[in-house]
Amino acid sequence: MRRKHKLLATGLAAGILSASMAITASAAQITEDSAKAIAFSNVGITADSVLYITTELEYDDGKQMYDIDLMTKDYMDYGFAINAENGAVLSIDYEWKAAPAPVVGAQPVVTMEQAKTLAAVHAGRTVDTVSFKKAETEPDDGRILHKLEFYTADGKEYEYKIDAVTGAILKWEYDAKHYVPQADIAKPAPSTPQAPSSAITGIESAKAAALKMAGLSSANVKWDKVKQDYEDGRLVYEGEFYYNHMEYEFEIDAATGVFLDWDVDEDD
């Protein structure tokens with residue numbers, strides 16, 4: 001997809017992301033060549049455009065994955081983490097190493113709203129389907145950059161740095177390591193929140209336990225990110241929410257529902 005706005009056209013040089021970001025292979029254990037093909041497909045490049053590539057099979061958070069680093073002939077630098085069992089793309093890092101030098105004294109032309117749209121479209125999303133955690137404009141190494149962080153309801157995270165003068169996407173990151181299937185997220189919270197001694201079975205279950213711990217209801221709070229993670233080989237849920245100028249942070253053991261961490265601070 002190519003944006004018609006001349007100013008923003010260079011921003012798509014980074015390659016449009018696959019909308020689903022979850023290409024899989026049919027075999028239980030994918031090959032190194034399959035992992036490379038998945039990487040190429042997700043960012044719209046071909047093997048003959050690659051200047052060099054390295055691949056390593058390793059473990060991270062209890063998962064076996066392919067760690068792939070490559071540079072294209074036009075000096076676009078990519079790093080991938082790909083699940084070795086099913087081919088799911090867990091993370092991507094991108095930086096345009098050959099971006100044109102900034103023009104001294106150039107003034108921003110791309111608005112923050114345009115930058116948000118550009119980033120969302122690049123990620124295969126729309127602005128109204130993501131939650132922005134950060135949207136700031138600031139100088140960086142002689143440039144003026146729009147710096148954006150946003151996430152989806154199912155736990156996929158994105159970060160972008162966009163040149164506010166040219167609209168070029170200079171860096172972006174995608175992280176699906178905390179992805180939770182939509183069916184799990186859509187599960188309604190129980191009418192009576194689970195006691196902390198009960199197993200946590202999903203994001204909504206973790207929220208319900210945290211609300212019970214705080215003595216609050218969902219109507220009273222504003223949620224920030226809640227996600228799954230692995231700590232010392234065990235599944236945990238961690239997150240934060242806000243109520244009446246207070247910030248609550250928690251971590252819960254998924255198997256037992258025991259709170260491993262609980263912090264309440266005044267929201268700055």
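Y174 is buried, at 1% relative accessible area, where buried means under 20%, exposed over 50% and partly exposed in between, with a 1.4 Å probe and protein chains only. Y158 is buried as well, at 1% relative accessibility. This is a predicted model, in which local features need pLDDT of at least 70 and side-chain atom pairs count only at pLDDT 80 or more, while totals for chains, interfaces and linings use all residues. Residues are numbered from 1 along each chain as its sequence is written, and side-chain values use heavy atoms, leaving out hydrogens and water.

Let me turn to the aromatic pairs. Rings of Phe, Tyr and Trp (its six-membered ring) pair if their centres lie within 6.5 Å; planes under 30 degrees apart are stacked, over 60 edge-to-face, and the rest tilted. The count comes to 14 aromatic pairs. Y158 and Y174 have ring centres 5.2 Å apart and planes at 50°, so this pair is tilted. It joins distant parts of the chain, with Y158 in strand 7 and Y174 in strand 8, 16 residues apart; strands are DSSP runs of E, at least two residues, numbered from the N terminus.

W223 and F250 form an edge-to-face pair, 6.5 Å centre to centre with 85° between the planes. Here W223 lies in strand 9 (residues 222-231) and F250 in strand 11 (residues 246-253), 27 residues apart. F250 is buried, with a relative accessible area of 3%. Ring pairs also link W223, F241, Y248, F250, F259 and W262 into a cluster.

Finally, K116 lies over the face of F132, 4.8 Å from the ring centre; the rule requires NZ of Lys or CZ of Arg within 6 Å of the ring centre and within 35 degrees of the ring normal.

How values were computed
Helices (H or I, at least four residues) and strands (E, at least two) are DSSP runs, numbered from the N terminus.
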